[in-house]
Amino acid sequence: MDRLSFILFGHAAFQYLNAACELGLLDLLAERGPLSEEEVREQLGLQERACAVLLLGSTALGLTVKDGSGYRVADLVASLRADGTWQKIKDTVAFEQDIVYEGQADFAESLLRNTNVGLRRVPGDQPDLYQRLGGNPRLESVFYRYMKSWSELANTHLVHTLDLTHTRRLLDCGGGDAVNAIALARHNPGLEVTVLEIPASAGMTAASVERAGLSERVSVQPCDMFADPFPSGMDCVLFAHQLVIWTPEQNTALLRKAHAALAPGGRVVIFNSMSNDEGDGPLVAALDSVYFAALPAEGGMIYPWRVHERCLREAGFGAVERFPVPGWTPHGIIVATKEAP
Ligand SMILES: C[S@@+](CC[C@H](N)C(=O)[O-])C[C@H]1O[C@@H](n2cnc3c(N)ncnc32)[C@H](O)[C@@H]1O
């Protein structure tokens, strides 16, 4: 029953985490703890009952610890703050709360209708989440803060796995705020990157590249990557957190365009979460699939490695290599090469 009751009230557990972040409880205790209940109440401006609820939940869930009459932050939170990961977790919490949470209530119906029914919870009438973000500056900033943090939780491995010593031109398809393009360009001083991004977000992408001081080597091309041609003569094409959004058929179509844009010997890289080929985990891949089934576009999921590999073969790629990424996120990297005809 322990596991079932945790699942049964999983939404409440998340709300405690969100409230503890949003109201500043965890940062307060990390910076000033241990504090008594009265001190927490005073610092957070909460009434007695409200503070008691918050501390009951955060302590029962192990986010905070009660020693005698004082509360302190859990060791895990303290160590995540120390190594710089905590802000990335908070960015992820805000994304789950402000963008994901409501739409996931349509998960069962999304499965039944095999489409993203949950998008109806996001204001706008555009056909996918990304185009709707353009009309919602607050949600757009929550989304891209999260996307940058989620990428940064794993893209050091991308930068170190991908040998770009002899690569001159890289295409980053649906590059978001260019977080991965920037990391790759910084690590490879001879690399030029073109980022494809929808017109509604391309200005945000260009501003981010400019802030990084990389406008001379990283350019942004506003486009619809499904409808518009890819620039040709690329040595490498990157899909980062991209092929989890669409159906396998749409992914194969994108990979075919990547194949056509590459010179023989060029490589395509898929960087996103992966589920295992047996279809039973890892748990984070399964949990994250609810979002991709219910919200951003008609149909995606955290696909097993083998589904990406099948799409790559259908698109004409030859040699395929897998690189699992260590850590708690289920990230993986697939590199495939375009062989000579
Ligand atoms: C999940 S985000 C990933 C962003 C970035 N690659 C990263 O890893 O942080 C998907 C991105 O693809 C972009 N996108 C969606 N549809 C697109 C399209 N048809 N053409 C170009 N970009 C698109 C979105 O605007 C969004 O920035």
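Let's start with a helix pair. Glu37, Val40, Arg41 and Leu44 in H4 meet Glu48, Cys51, Ala52, Leu54 and Leu55 in H5. By class, that contact has six nonpolar residues, three charged and no polar ones. Keep in mind that this is a predicted model.

Now the geometry. The axes of H4 and helix H5, residues 48-60, come within 10 Å. They cross at roughly 110 degrees. Roughly perpendicular covers 65 to 115 degrees, so H4 and H5 are roughly perpendicular to each other. The crossing of H4 and H5 is right-handed.

Stay with H4 for a moment. Which residue does glutamate 38 meet in a salt bridge? The partner is arginine 41, at 3.8 Å, N to O. Both residues lie in helix H4, residues 37-44. They sit three residues apart, about one turn of the helix. Glutamate 38 has 47% relative accessibility, so it counts as partly exposed.

Next, salt bridges elsewhere. How many does the structure hold? The count is 17.

Take arginine 121 and aspartate 106. Their side chains meet in a salt bridge at 2.9 Å, N to O. Arginine 121 lies in the loop between helix H8 (107-113) and helix H9 (129-133). Aspartate 106 lies in the loop between helix H7 (86-100) and H8. So the pair ties together parts that are 15 residues apart in sequence. Aspartate 106 is buried, at 3%.

On to helix H10. Lysine 148 forms a salt bridge with glutamate 152, and the closest N and O atoms are 3.0 Å apart. Both lie in H10, residues 137-152, four residues apart, again about one turn of the helix. Lysine 148 is partly exposed at 35% relative accessible area. Glutamate 152 is partly exposed too, at 27%.

One network to note. Salt bridges that share partners join Asp106, Glu109, Arg113, Arg120 and Arg121.

Now a buried loop residue. Where does leucine 243 lie? Leucine 243 is in the loop between strand S7 (234-240) and helix H14 (248-261). Its relative accessible area is 0%, so leucine 243 is buried. What does leucine 243 contact, leaving aside neighbours within four places in sequence? The list is Asn251, Leu254, Leu255, Ile270, Asn272, Tyr303 and His308. Phenylalanine 230 is 13 residues away along the chain, and the C-alpha atoms of leucine 243 and phenylalanine 230 are separated by 16 Å.

Last topic: the backbone. We have cis peptide bonds to look at. A cis bond joins glycine 33 and proline 34, with omega about 0 degrees. Proline 34 lies in the loop between helix H3 (25-32) and strand S1 (35-36). The bond from glycine 281 to proline 282 is also cis, with omega near -5 degrees. Proline 282 lies in the loop between strand S8 (262-273) and helix H15 (283-294).

Then positive phi. Asparagine 114 is not a glycine, yet its phi is near 55 degrees. Its place is in the loop between H8 and H9. Asparagine 114 is exposed, with a relative accessible area of 64%.

Alanine 178 has a positive phi as well, about 70 degrees. Alanine 178 lies in the loop between strand S4 (169-173) and helix H12 (179-187). Is alanine 178 buried or exposed? Alanine 178 is buried, with a relative accessible area of 0%.

How values were computed
Residues numbered from 1 in each chain as written. Predicted model: local features only at pLDDT ≥ 70, side-chain atom pairs only at ≥ 80, totals over all residues. Heavy atoms only, no water. Salt bridge = Lys/Arg side-chain N within 4 Å of Asp/Glu carboxyl O. Helix = DSSP H or I, 4+ residues; strand = E, 2+ residues; numbered from the N terminus. Buried < 20%, exposed > 50% of the residue type's maximum accessible area, 1.4 Å probe, protein only. Axes fitted to C-alpha atoms, helices over the stretch in contact; angles between N-to-C directions. Parallel < 35°, antiparallel > 145°, perpendicular 65-115°, else oblique. Left-handed = near helix turned anticlockwise from the far one by under 90°. Contact = heavy atoms within 4.5 Å. Nonpolar A, V, L, I, M, F, W, Y, C, P; charged D, E, K, R; others polar.
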